[in-house]
Each structure stands twice: as structure tokens, then as C-alpha cells.
Amino acid sequence: MSDYKEQYKENLLKRQNENKTVRKVVFIILLLLTITMAAVITGGYFYIKNTLQPVDPNSEAQKAVSIPIGSSTSSIGEILEEQGIIKDGTAFRYYVKYKNESGFQAGDYSLSPSMTMDEVISKLKSGKVMKESVAKITLPEGIWIEDIASRIGKELDMETEEVINTLDDEEYVETLINEYWFLTDEILNEDIRHPLEGYLFPATYDFEEEPTVELAVKKMLDKTQSVLKSYQGDVENSDLSIHEFMTMASLIEEEASEKADRARISAVFRNRMEKGMLLQTDPTVIYARGEQSGEILQSELDANSPYNTYQNKGLPVGPIANPGVSSIIAAIEPADTEDLYFYARPNGETIFSETNAEHNKVRAKYDEEWDEYYKKKEEEEANSE
């Protein structure tokens, strides 16, 4: 009897252990399945979220996109993907179905890679197709107000001076200050040459109807606002005002070549300001004299002007050009460096230094390049006359 009991106990214990093992295996399988499902769901969520984002949020490009009559959502998605307006045509089709969107209009549209999926859908439903431009104004990065006025005047058949008078009109500028958060009373400082200098965003502007000066300015300021809106919080929480940021951005724009690290140039200016050093940036001297060509003279470096950073500490009274997006971002997000000097070579290379001794070595090595550069330029100008 005792042997039977022992055998029974052994079998019972064995079955209990087997059950525990089975429960552990089942638990592990369920856990793995749960983790896998969670990973798939999470990955799918982030994939879909990324797919629905703009192809290039900072793009300024406008592309002509034709939607043929009778196009299905699948074919529309394929066209948009091929043109680089959206990331995935299939995602577009499913998103349209999920949102229960319909009523897309055939036609020729002007769309941008910076548009969200909802913006693309709204545009295609509105039927607002691309119209032929009656005027086009192109503003390169670093352009001065005088040149902007000249380009506006050319399209509107107006004298440059007449356009400048409108741009500088105090009552007109005050109405703009009331409309745009980034325009403040600082731009009305009597020492500022042109109050809107630095705020008219460099881009190409197409007009489907005959524009006015005010309409052209509005489009330019609207573009500036679209660039700055993502950084409004950073600006409001900073020790610099928006006017100072735009002034800084204009200095960076004028100092930077295509090869230059703009965020590092921004850091040099910030580091020098924190140490109470003069910024000593040549473009401010050029702006102070009012002429962009020609070698800088010692008398110009010594000139008393609110723009001259060789004579006044800190930033100049206002922007010295109209900066592009990369310079604006660099002004708001400077690099983390200890650099206090930079030297721009004629070939576009910018060399950074932390000490004056290092900077002087760089100057001694490359200053002759600038002598040759100006000599060659003078010869070219003489031959062209």
C-alpha cells in the first residue's frame, strides 16, 4: 500500500511540474506574441506617421502637377509620389479612404513638397488650379532693400525710389507691425535705414494677378512668418529679441559662403558678445557706406555709424540684408563651440580659431589671396568698361 501511495505522489508531483512547465511555455509564448504585436503596432504607427509628414518641410519649391480627368485615388497617389509631393501613393489612397475624402478635381496644380497630406487633399478638392503668372519677383539670399525695391519696381513699372518711399512709410510700417508678430517697434528706430530690411524673405514669388507693392510685401512677410513660426517659442524664451535674431541672421548671411558652417559663425558672434568684444564683421561696414562693391578702406572701418561693428559693441542697429532660412536657423540655434574668430578665404572656405594668436597665423597665411582677388577684380572691371 505504501508503495502505491509513493508512486501516486510521484506521478502527481510529476504532473504538477509538467503543468507548471506548460504554463511557463504558454506564458512565454503569449508574452512574445504580445511584444511582437506591440512592436508591429508601434512600428506601423511611426511608419504611417512618418509617411503622412511632408516630404521636405523646409522646401520652397513649387511643382506643376497635372491630375487627368477621371483619375482614381490610386492614380492620383501615384502621380503625387512620382512628382515628389508625397512620400507614398498607397498611403495617400488609404488615408483618403480613412478620412472619407472625395471630390478631387482634375487640372494643373502648383504643389510643394513642404505641404502636409491634408493640405494636398484640400488643394485638390478646392479646384484652385495653377494659373499663368503675370508677374514674378525673385529675391536672392542676402539682398538689400534697395535691390528689392528695384525688382518690384521693374515688375510694376514703377521707379525704385517710389517703391522705397512706400516700404519706408512709417504709417504703412505700423500697420504691418500690428499684423505680424515678428515686426516690433524696434524697426522704427530712427537710425535704421529701412525698417523692413531683413524681414522680406528671399524666394521667388509668382503673381497670378497684377500685384501692388503692398501685395508683394505681404507675400514676402507671409513667407517669413511661415519660416519663423516653428521657432517662435525659442525666440520668446531667449535673451535676444526677434529683431536681434533677424539682425544676427543677416550678419551670418553676409559672412557665410556656401561651404561655411553658419551655426559656427553664429556661435562666434554670440561668444564675442558674451565677452564684450567687438564683432568686427566687414559686411556691417559695407552696409554702412551704402555700396556693395569695392575694397574696404581704413576710413570706413573708422566711420561713426550705428551699423559699424568695428566701432560699436554688440549687434548693429538692425539687419544689413535679408537672410535665408539656413541663416535664420543658425542665428536661433548656434553651434556649441568656444571659437572667437573666423577667417573667410576667397575660395569660400571658412577657418575658425579660438585665440587671436591662431587667427593671426591664419591671416598671415591667406591675406595675400585677398590682395590677388581684389587686383583681379579691378582688372576685370577695367576691361569691361
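What follows is a set of questions and answers about helices, cores, salt bridges and the surface.

Tutor: Before we start, this is a predicted model, where local features need pLDDT of at least 70, side-chain atom pairs count only at pLDDT 80 or more, and totals for chains, interfaces and linings use all residues. Residues are numbered from 1 along each chain as its sequence is written, and side-chain values use heavy atoms, with hydrogens and water left out.

Student: Is Ile242 buried or exposed?
Tutor: First, the words: buried means under 20% relative accessible area, exposed means over 50%, and partly exposed is in between (1.4 Å probe, protein chains only). Ile242 sits in helix 10, residues 242-255; helices here are DSSP runs of H or I with at least four residues, strands are runs of E with at least two, and both are numbered from the N terminus. With a relative accessible area of 7%, Ile242 is buried.

Student: Which residues is Ile242 in contact with, leaving aside neighbours within four places in sequence?
Tutor: Contact means heavy atoms within 4.5 Å. By that rule, the partners of Ile242 are Trp181, Phe182, Thr184, Tyr199, Leu228 and Val235.

Student: How many of the residues of helix 10 are buried?
Tutor: Helix 10 is mostly covered. Its buried residues include Ile242, Phe245, Met248 and Leu251, and the buried residues pack against helix 8 (213-228), helix 9 (232-236), helix 11 (262-274), helix 12 (282-289), helix 14 (325-332) and strand 5 (341-344).

Student: Which residues have the most contacts inside the largest nonpolar core?
Tutor: A nonpolar core is a set of buried Ala, Val, Leu, Ile, Met, Phe, Trp, Tyr and Cys residues joined through side-chain atoms within 4.5 Å. In soluble globular proteins, nonpolar side chains tend to be buried together. The largest core here has 69 residues, and those with the most contacts inside it are Ile152, Leu183, Leu196, Val217, Met220 and Leu221.

Student: How many residues are in the second, separate core?
Tutor: Among its members are Val65, Leu80, Leu111 and Ile121. This second core has 18 residues.

Student: How many salt bridges does the count come to?
Tutor: A salt bridge is a side-chain nitrogen of Lys or Arg within 4 Å of a carboxyl oxygen of Asp or Glu. One of them joins Arg345 and Glu349 at 2.7 Å, N to O. By this rule the count comes to 12.

Student: How many residues apart in sequence are the parts that Lys125 and Glu101 tie together?
Tutor: The side chains of Lys125 and Glu101 meet in a salt bridge of 2.7 Å, N to O. Lys125 lies in helix 4 (residues 117-126), while Glu101 is in the loop between helix 3 (89-99) and strand 2 (107-111), so the parts tied together are 24 residues apart in sequence.

Student: Asp222 and Lys218 also meet in a salt bridge. What separates them in helix 8?
Tutor: The side chains of Asp222 and Lys218 meet at 3.7 Å, N to O. Asp222 is partly exposed at 32%, and Lys218 is partly exposed at 34%. Because they are four residues apart in helix 8, what separates them is about one helical turn.

Student: Which residues make the nonpolar surface patch?
Tutor: Patches are made of residues with over 30% relative accessible area and no salt bridge, with like charges joined within 9 Å and nonpolar side chains (Val, Leu, Ile, Met, Phe, Trp, Tyr) within 5 Å. Accessible areas come from the Shrake-Rupley method with a 1.4 Å probe; for residues, only the protein chains shown count as cover. Val25, in helix 1 (residues 2-52), is partly exposed at 42%. The patch of about 430 Å² is made by Val25, Val26, Ile29, Leu30 and Leu33.

Student: How many Å apart in space are Tyr98 and Gln298, C-alpha to C-alpha?
Tutor: Tyr98 is in helix 3 and is exposed, with a relative accessible area of 69%. Tyr98 and Gln298 are 200 residues apart in sequence, and their distance in space, C-alpha to C-alpha, is 68 Å.
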